[in-house]
Amino acid sequence: MIRNYVKIAWRNLVNNKVYSALNIVGLAAGMAVALIIGLWVAHEYSYDNFLPNGDQLYQAKITFTSTHDGMHTQDAMSLPIGDVLKKDYPEIKYVARGDWDQKHDLLVGDKKLYLNGMGVGADFLKMFQFPLVKGSAATALSDPYTILLTESTAKALFGDADPMGKMVKFDNKDNLKVVGILKDLPENSSLYFHYLFPFEYLVSALDWMKSAPTSWTNNSFQIYVMLQPNASYAELEPKIKDIVSAHSEKMRPAKPQIMLHALKDWHLRSEFTNGKVSGGFIDYVRMFGIIGLLVLLIACINFMNLSTARSEKRAREVGVRKAIGSQRSDLIFQFLTESLLITFIAFALSIVIVQLVIPSFNALADNNIWIPWGNPVFWIVMLSYVVITGLLAGSRPAFYLSSFNPVKVLKGSIQLGKAAALPRKILVVVQFSCSIALIISTVIVYQQIQHVKNRPTGYSADRLVAADLSTDLNEHYTALKSDVMQTGLVENFTRASAPVTDIYAHTSVDDWSGKSAGEESVNIVTLYVSDNYFKTTGMQLLAGQNFAPKFELDTDNVILNEAAVKRMGLKDPIGQLISWNSHGSGRVKVIGVVKNTVMGSPYKPVEPAIFSHGQWGTKAVFRLTANANTHQAMGKIEQIFNKYNPAYPFSYKFANDEYDQKFNLEVLVGKLAGIFAGLAIFISCLGLFGLAAYVAEQRTKEIGIRKVLGASITQVWMLLSTDFVILVGISCIIASPIAFYFLHDWLQKYEYHINIGPVVFVAASVLAIMITLLTISFQAISAALANPVKSLRSE
């Protein structure tokens, strides 16, 4: 019987090639979109799943509360917190300190690499069990002057030779012994590094680190925690919350609270509100998961509509089958078999589409998903996916067609088209409501990105470059600057503790003129800069003066930005003395005020900032001349950097590129939303095209009579188009408030955002109606141009 059903289904496909093609292509497109999004969602949820005991791993976070700034959660904290966690809480099995993931120089002979790595505590590899190819996790981090390399890093430095026991010169200063080789980290790891070295090396090698292990106010480090197997974090959380306040009187005014952030939440849930996990990338994963389901639903609606629209073609078949004894259940099974056959064909086509599209998707999303051909679980899921899709798409046609009364059908007294018209119209409205909502979303995302990109940054990014400075380059800074300026390729040259596009450090201003009793300290962005920093970056000095060039080091004076002046309420800031905790004596004088500069997130208000004169920096900042050839200029500048710093590779970034990267996530969301909106419209139009063809076919004689009676081509075109335009108009009315609700909620995540106006809804509605008219006009005009004699001669 099943074989007979399959034969009938195949004959129906072959005999109705156009409708079969529309069904298969539409369904394949919808399934391809859903499959790509499904693979991407699965990849995002797979982060860190490869680590054993992942449910016991956490990172400590600290939340500060301020009357002005509210609650702020960060992972930068002081080292004594880790000591207390390890010593006083038996629920905790291991604690490991961590330095920031940052780049260091690795030198072996004439091979030099500048890669990111981490300084970590001795128990780190007992907690995060990254596979070791060589070496022991128990002892690898016990000696301060050792290093572990990933396989690819070891090969780049030592080739095919065994690296174990050999020396790597670290930052052109100390030799570290290779004591372990790690497998290269998978792409879906939240922690990503090319080497590990003991945290104790930093304590012994850097003077400023000597006091860090005992300082409760030096919030510059990371703490990782592993709980005991049977420990409950819910029970531990209230115990550890007030650790800092209990041990540090100086930190109490900031109301610090400690919490642990679970490894499973690092990638997808990294945002905090009021000291609690509140969201993150998971919001976008869910959003695109919903979009994938909507596109698949639109494709399934096409199948339902086209199948029920052509019900008259199958009515007599149903009547005859029932007359000779077929049960309704038999007919339902037959029609579902046809649906599953079409779905399997569509799935095969969708696999081909996905395989062709995945490289482009990976390039666009900066991802690495693929079809796991050899994974049996994937194919079990895909089989379920096909069956569910087939049943969903074929359910309404199966139950609708099998419900026909055989007597009425065979007598020709049943009006099948009208019986299916209302549900079909409702499904068309649902289709286009989803598609129009996606169009509106794409436009709003684009407008938000452009709005923020056009925000004044407070500096000039044109031809502005930030290059890494090492110890050697800082020591030879004057000669380096002189040689670079003499090339004639650079307008200005300076150095700073951070690039103009990023924030590396915060300190606090504890006292200032006019501070109220009990008022909190100001958490302030901190930069150490050379005297011509503002001229080089194009920042505007609004009041006062710059750091005086005659001073070798002007440490007693500082410059504030507008946000800092406003936050402290300084009416006449020039000459005011403030108490700054990063200054030796504690008191510094404000000598200038600069215009606000967007160094952090472009979506947020500018933070208060303080600029101090410094002789040390992590970045050389310079601006190329307007007529300089960028490639040639950077080549000549590289030679000068290498002259004073042969151990380091020349590493630099352009400010405009760095600023553009701040929009990567939103740009990706906008592009993907646009692509999926286009596909949703395409699939909807396939169904609309098929329905228009069906309507034109059903009304052939009516159109013939109207033409004989004098109807024009335009009148016939309007006759066939009006119903569809009305349906799309209803869709616009439904989609607009729904899109506004969700988009308004999305925009509230950004403090600097657009206001949604009516223009975008009108434009999206007009676009949808125009696409509708273009889609159905071919069929409508063809019907209007047909010879009425041919359609009426049978009467």
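Which residues make the nonpolar surface patch of about 490 Å²? I looked this up and found V25, L349, V352, L356, V357 and F682.

**Ground rules**

I am working on a predicted model, where local features need pLDDT of at least 70, side-chain atom pairs count only at pLDDT 80 or more, and totals for chains, interfaces and linings use all residues. Residues are numbered from 1 along each chain as its sequence is written, and side-chain values use heavy atoms, with hydrogens and water left out.

**Overall**

I noted 25 helices and 25 strands in the protein chain. Both are DSSP runs numbered from the N terminus: helices are H or I with at least four residues, strands are E with at least two. The C-alpha atoms fill a box of roughly 105 × 60 × 55 Å along the principal axes. I then checked burial. Of the 795 residues, 51% are buried. Buried means under 20% relative accessible area, exposed means over 50%, and partly exposed lies in between (1.4 Å probe, protein chains only).

**Back to the patch**

I checked how patches are defined. Their residues have over 30% relative accessible area and no salt bridge; nonpolar side chains (Val, Leu, Ile, Met, Phe, Trp, Tyr) are joined within 5 Å, like charges within 9 Å. A salt bridge is a side-chain nitrogen of Lys or Arg within 4 Å of a carboxyl oxygen of Asp or Glu. Areas come from the Shrake-Rupley method with a 1.4 Å probe, and for residues only the protein chains shown count as cover. Helix 11 (residues 328–365) gives the most to the patch, with four residues. V25 sits in helix 2 (residues 17–45). V25 counts as partly exposed because its relative accessibility is 35%.

**Aromatic pairs**

I took rings of Phe, Tyr and Trp (its six-membered ring) as paired if their centres lie within 6.5 Å; planes under 30 degrees apart are stacked, over 60 edge-to-face, the rest tilted. The count comes to 39 aromatic pairs. F50 and F130 form a tilted one, with 6.2 Å centre to centre and 45° between the planes. F50 lies in the loop between helix 2 and strand 1 (57–66), and F130 in the loop between helix 4 (124–127) and strand 6 (132–134), so the pair ties together parts 80 residues apart in sequence. F50 is partly exposed at 31% relative accessibility, whereas F130 is buried at 5%.

F170 and Y195 form an edge-to-face pair, with 6.2 Å centre to centre and 85° between the planes. F170 is in strand 8 (residues 167–170) and Y195 in strand 10 (residues 195–198), so this pair ties together parts 25 residues apart in sequence. Both F170 and Y195 are buried.

I also found a cluster: ring pairs link F50, F124, F128, F130, F193, Y224 and W266.

**Charges over rings**

My criterion puts NZ of Lys or CZ of Arg within 6 Å of the ring centre and within 35 degrees of the ring normal. R495 lies over the face of Y477, at 3.9 Å from the ring centre. The charged end of K453 sits over the ring of F663, 5.7 Å from its centre.

**Helix 7**

Which residues of helix 7 (residues 233–240) are buried? I found Y233, L236 and I240. They cover an arc of only 60° around the axis, so they lie on the same side of helix 7. The arc is that of the directions from the helix axis to the C-beta atoms. The face turned away from the buried side carries the exposed residues A234, E235 and P238.

**A548**

I placed A548 in the loop between strand 19 (541–544) and strand 20 (557–561). A548 is buried, with a relative accessible area of 17%. The C-alpha atoms of A548 and E44 are separated by 52 Å, and the two residues are 504 residues apart along the chain.
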